[in-house]
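Let's take a walk through a protein model, one piece at a time. Keep the 3D view open while you read.

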Amino acid sequence: MAPGLQSFALYSGLAMARGQGSRLFDEDGNSYVDFIAGIAVGSVGHCHPHYVARLKEQAEKLTFGSFTTEVRAKFLELLAGVTPPGLTRIQLFSGGSEAVEAAFRLAKSATKKFEFVGYTGAFHGKTGGVLPLLWGDFKNGLGPFAPGCYSAPYAYCYRCPLSLTYPDCGIACAEKTRDVIRDQTSGAIAAVIVEPIQGTAGNVIPPPGFLSAIRDIAREQGALFIADEMITGFGRTGRMWGIDHDGVVPDIMTLGKGVGGGFPLSAVASTDELTKKPPFSNPSGSSSSYGGNPLAAAAGLASLEIITRENLVENSERVGRAMLARLLQMQERHRVIGDVRGKGLLLGLELVEDRETKKLVSKEKTKSLFQECLRRGLVAMSYTPIIRINPPLNIDEATALEGLEILDEAIGAVFP
Ligand SMILES: Cc1ncc(COP(=O)(O)O)c(C=O)c1O
């Protein structure tokens with residue numbers, strides 16, 4: 001492998017042998033509770049029997065090509081049954097960035113405009129079309145970026161960009177989207193794109209009303225509203241979609257990660273009206289080599305069947321609530337925990353040197369924390385001061401609390 005592997009895999013130095021449910025087993029026979037799930041990819045856990053059976057069955061029948069297949073039809077029928085009203089026209093892809101870039105092409109096709117507004121802290125992938133909207137040092141050294149992309153402040157209440165406090169702030173940060181559009185763009189906004197909860201930034205949850213406010217601003221500008229549900233979709237936040245928390249229906253939704261339960265599968269969902277606009281709608285205009293291939297469709301079908309049959313959206317809400325309560329208890333005992341937040345099984349905490357200044361602890365310290373977690377049997381994204389927790393959606397409460405017990409002990413060991 002070339003350098004640049006995902007940090008948790010790299011820092012762990014582990015070779016994994018197998019996985020079962022919410023546990024991983026390394027080649028030395030050690031077991032770990034999995035709080036990462038491939039960064040919210042493994043919605044149905046490791047090697048769910050129904051998932052394995054569906055993939056095996058499909059591997060023996062047909063594995064590639066874009067022809068209509070029964071398995072793809074079944075998958076799309078189930079998927080269109082859970083997407084928000086009207087968003088039932090779906091194109092399939094393999095990766096998240098690819099789907100977001102396709103959503104941009106769709107927005108350009110539908111509006112004949114070409115500018116995009118995203119948010120501070122955003123992550124929509126690392127490919128050329130979305131790179132300008134990416135926040136933080138990921139993009140250092142990769143300029144110049146494609147023109148026409150702008151960022152407005154996200155509602156990051158723990159570190160409010162306007163130094164205000166919710167609810168007295170009246171969600172003033174949302175208004176800044178209007179300012180960015182007025183002051184920085186040429187007025188040709190194809191779409192406003194937002195993560196309903198920001199994953200990479202640290203599972204940052206905006207207050208109620210933020211998403212609907214920016215949706216209204218997008219509408220007012222004649223721009224489309226894209227919800228990037230890559231991480232937040234399929235029950236991750238305790239509702240089917242992240243936008244459900246604010247009762248918002250986007251014009252375009254991008255999906256990935258949990259939809260394939262580990263198989264590279266992503267999608268763009270939109271309306272009949274928008275998707276019929278060329279060049280997106282031209283033959284081969286929105287397709288890709290792997291989009292909707294029969295194996296990916298089998299993985300998507302199996303994952304959705306498991307998510308619905310096993311009530312994993314409800315499980316996410318229930319177990320997530322128990323985890324949040326336990327994390328809040330931990331915050332009372334460990335002064336280093338500055339903030340705790342969570343919706344469903346998308347939880348986050350910030351480790352700070354001082355609760356007043358909110359200065360984050362050093363990466364050296366958190367790398368030790370990561371090792372202390374591993375030694376005790378937990379893989380978690382605890383190698384950075386803003387810790388993200390996103391286990392499989394079918395984790396049971398006992399295993400979830402076992403993982404938090406380990407995190408609690410490890411925090412105590414590194415930050416006595
Ligand atoms: C919200 C969001 N969009 C897009 C992506 C990009 O997905 P991929 O890594 O599959 O390209 C990610 C990946 O973490 C993401 O979190």
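Helix H10 covers residues 312-333, so 22 residues in total (helices are DSSP runs of H or I with at least four residues, strands are E runs with at least two, both numbered from the N terminus). From first C-alpha to last, H10 reaches 31 Å, close to the 32 Å expected at 1.5 Å a residue (that is 1.5 Å times one less than the number of residues). This is a predicted model, where local features need pLDDT of at least 70 and side-chain atom pairs need 80 or more, while totals for chains, interfaces and linings use all residues. Residues are numbered from 1 along each chain, and side-chain values use heavy atoms, with hydrogens and water left out.

The buried residues of H10 include Leu312, Val319, Met323 and Leu327 (buried means under 20% relative accessible area, exposed over 50%, partly exposed in between, with a 1.4 Å probe and protein chains only). Among the partners they pack against are helix H9 and strand S11 (contact means heavy atoms within 4.5 Å).

**A buried arginine**

Arg341 sits in strand S11. Why does Arg341 count as buried? Because its relative accessibility is 9%. Its side chain makes polar contacts with those of Asp339, at 2.8 Å, and Glu350, at 2.9 Å (a polar contact is a pair of N or O atoms within 3.5 Å; within protein, one must be able to donate a hydrogen and the other to accept it, and residues adjacent in sequence count only if both atoms are side-chain atoms).

**Around the ligand**

A polar side-chain atom of Asp228 lies 2.6 Å from a ligand nitrogen, and one of Lys257 lies 3.2 Å from a ligand oxygen.
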